[in-house]
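Open the model in your viewer and keep the selection tool at hand. The stops below say what to select and what is there.

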Amino acid sequence: MRRGDGETGRRGDGETRRRGDWETRRKGEAKRNMAKKDRSNNKPEKNKNRQLSTASPRPPVSASPRPPVSASPSPPVSPSPSPALVAVIMGSQSDWETMRHADETLAKFGIDHECRVISAHRSPSLAAEFGSSAEGRGLEVVIAAAGGAAHLAGVLAAHTTLPVLGVPMRSEALNGLDSLLATVQMPGGIPVGTLAIGKPGAVNAALFAVSILANSRPELRKKLHEFREAQEKKIRETTL
Ligand code: RP5
């Protein structure tokens, strides 16, 4: 027996009004339920969207291939053997004012050398090309000068087993402390011999290169001794 029928049957006319009341209540209730259903139908929709936006995969960073690092050709490193024993490499032409002291020192000792600008970050493939071919070209020592985030010496050292001497350039922002730390703090495995910041580093890198070359060249060893003696003589003769 359905609940509504039974009740109506038992309670007669008086009950009809109550049934009417009940009908009204039922309709009202149905209406409220409908409204509630509508509301709850909207809610999951909202949640669904939120869930979707969280669960949806991230848009790919970029599907397009990277543009080439540089479209313009860099001057190639000559693959032919070089008469130069030492290379003086610097990250920018602006380093020349400092690095010309390395050039002059090497010239004083009569060392064949080459000077050129190669940047680890502005011409990375040229840096790799130079480092990889240095030994084959007959170079014996590489001097690398750079300023700021000065990774040139480390990058060249990564491509060659020749001794690489780093010269930190005096930078505008941090006075060369940045260059010094970037050059000297090589993780174990790829050594860079780091000299002083600026001009003294440039001179000493050249003298260090001469010392290395002098190991197998007695005439250079002799020249180094003479250089030291002349320096000492100058100090001894100094009067104030
Ligand atoms: C380094 O950035 C160079 O070795 C140079 O010392 C420094 C500043 O270069 P520029 O902006 O003067 O070319 O790569």
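This is a predicted model: local features need pLDDT of at least 70, side-chain atom pairs count only at pLDDT 80 or more; totals for chains, interfaces and linings use all residues.

Start by selecting Gly 131, which is buried, with a relative accessible area of 2%. Buried means under 20% relative accessible area, exposed means over 50%, and partly exposed is in between (1.4 Å probe, protein chains only). Gly 131 sits in helix H3, residues 124–134.

Residues are numbered from 1 along each chain as its sequence is written, and side-chain values use heavy atoms, with hydrogens and water left out.

**The whole chain**

Zoom out and colour by secondary structure. The protein has seven helices and five strands, and along the sequence they follow the pattern α-β-α-β-α-β-α-β-α-β-α-α. Helices (H or I, at least four residues) and strands (E, at least two) are DSSP runs, numbered from the N terminus. Of the 240 residues in the protein, 31% are buried.

**Strand S1**

Select Ile 89 in strand S1, residues 86–90. Ile 89 is buried, and its relative accessible area is 0%. Ile 89 and Gly 166 are 77 residues apart in sequence, yet 9.6 Å apart in space, C-alpha to C-alpha.

**The ligand**

Which residues are around the ligand? Select Gly 91, Ser 92, Ser 94, Asp 95, His 121, Arg 122, Ala 146, Gly 147 and Met 169. A residue is near a molecule if one of its heavy atoms lies within 4 Å of it. By class, this shell has two nonpolar, five polar and two charged residues. Here Ala, Val, Leu, Ile, Met, Phe, Trp, Tyr, Cys and Pro count as nonpolar, Asp, Glu, Lys and Arg as charged, and the others, Gly among them, as polar.

Show the side chains. A polar side-chain atom of Ser 92 is 2.6 Å from an oxygen atom of the ligand. For Ser 94, a polar side-chain atom is 2.7 Å from a ligand oxygen. An N or O atom in the side chain of Arg 122 lies 2.8 Å from an oxygen atom of the ligand. The protein covers 69% of the 360 Å² of accessible area that the ligand has on its own; accessible areas come from the Shrake-Rupley method with a 1.4 Å probe, and for residues only the protein chains shown count as cover.

**Helix H2**

Select residues 96–108, helix H2. At 1.5 Å a residue, these 13 residues should span 18 Å, and the end C-alpha atoms are 18 Å apart, which agrees. The expected span is 1.5 Å times one less than the number of residues. Met 99, His 101, Ala 102, Thr 105 and Leu 106 are buried in H2. They lie on the same side of H2, because they cover an arc of only 130° around the axis. The arc is that of the directions from the helix axis to the C-beta atoms. Turn to the other side of H2, where Glu 97 and Lys 108 are exposed.

**Two loops**

Select Asn 175, in the loop between strand S4 (164–168) and helix H5 (177–184). Asn 175 has a positive phi of about 60° although it is not a glycine. Most residues other than glycine have a negative phi. At 49% relative accessibility, Asn 175 counts as partly exposed.

End at Arg 137, in the loop between H3 and strand S3 (141–146). Arg 137 is buried, with a relative accessible area of 6%.

Methods: A polar contact is a pair of N or O atoms within 3.5 Å; within protein, one must be able to donate a hydrogen and the other to accept it, and residues adjacent in sequence count only if both atoms are side-chain atoms.
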